[in-house]
Amino acid sequence: PSFCDILATPAAAQHRCPNYNGRPGQQRKILTKEQVVSIYMHRKCPTQRSAAVAAMFGINPKTVRDIWNRRTWAEETQHLWEAGE
């Protein structure tokens with residue numbers, strides 16, 4: 001199986017469970033480090049779009065793009081960066 005096929009498995013889905021901060025009227029998603037790493041790994045799939053990944057995790061596509069472009073959560077994904085990035 002390809003890398004992208006592995007990310008679509010039920011085992012990979014364990015990192016997708018919702019986790020809200022519980023503020024009344026404001027359902028902000030709190031991501032775990034494991035979820036962020038999983039989101040970042042989806043970046044390597046050429047056919048993967050931020051909207052599809054966002055739907056899997058219950059977050060905004062902009063949040064996915066920020067993780068992919070290392071604007072947020074850079075410390076947690078730095079070990080996945082390839083040389084020259």
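**Figure 1. Confidence along the predicted model, from helix H2 to helix H5.** Confidence is lowest in helix H2, residues 10-13, where the mean pLDDT is 57. It is highest in H5, at a mean of 95. For the protein, the mean pLDDT is 78. Of its residues, 67% reach 70 or more. Over residues 16-26, pLDDT stays under 50. The model has 21 contacts beyond four places in sequence for residues 16-26.

**Figure 2. The largest nonpolar core.** This core has 13 residues. Leu31, Ile39, Val53, Ile59, Val64 and Ile67 touch the most other members. H3 gives the most, with 4 residues.

**Figure 3. Close-up of Leu31 and its contacts.** Leu31 is among the core residues that touch the most other members. Leaving aside residues up to four places away in sequence, Leu31 touches Val36, Ile39, Ile59, Thr63, Ile67 and Trp73. Ile39, Ile59 and Ile67 also belong to the group of core residues that touch the most other members.

**Figure 4. The salt-bridge network of Lys62, Asp66 and Arg71.** Side chains of opposite charge can pair when their charged atoms come close. Asp66 takes part in two pairings shown here, one with Lys62 and one with Arg71. The closest N and O atoms are 2.8 Å apart for Lys62 and Asp66. For Asp66 and Arg71, the closest N and O atoms are 2.7 Å apart. Lys62 and Asp66 are 4 residues apart in helix H5, so about one helical turn separates them. Asp66 counts as buried because its relative accessibility is 12%, under the 20% limit. Lys62 counts as partly exposed, at 40%. Arg71 is exposed, with a relative accessible area of 55%.

**Figure 5. The salt bridge between Lys44 and Glu82.** The structure holds 3 salt bridges. In this one, the closest N and O atoms of Lys44 and Glu82 are 3.6 Å apart. The pair links distant parts of the chain, 38 residues apart. Lys44 lies in the loop between H3 and H4. Glu82 lies in the segment after helix H6 (74-77). Lys44 counts as partly exposed, at 42% relative accessibility. Glu82 also counts as partly exposed, at 47%.

**Figure 6. Arg70 over the ring of Trp81.** The charged end of Arg70 sits over this ring. It lies 4.4 Å from the centre of the Trp81 ring. As for pairs of aromatic rings, a search of the whole structure finds 0.

Technical notes
Residues are numbered from 1 along each chain as its sequence is written. This is a predicted model: local features need pLDDT of at least 70, side-chain atom pairs count only at pLDDT 80 or more; totals for chains, interfaces and linings use all residues. Side-chain values use heavy atoms; hydrogens and water are left out. A nonpolar core is a set of buried Ala, Val, Leu, Ile, Met, Phe, Trp, Tyr and Cys residues joined through side-chain atoms within 4.5 Å. Buried means under 20% relative accessible area, exposed over 50%, partly exposed in between (1.4 Å probe, protein chains only). Helices (H or I, at least four residues) and strands (E, at least two) are DSSP runs, numbered from the N terminus. Contact means heavy atoms within 4.5 Å. Rings of Phe, Tyr and Trp (its six-membered ring) pair if their centres lie within 6.5 Å; planes under 30 degrees apart count as stacked, over 60 as edge-to-face and the rest as tilted. A charge sits over a ring if NZ of Lys or CZ of Arg is within 6 Å of the ring centre and within 35 degrees of the ring normal. pLDDT is the predictor's confidence in each residue, from 0 to 100. A salt bridge is a side-chain nitrogen of Lys or Arg within 4 Å of a carboxyl oxygen of Asp or Glu.
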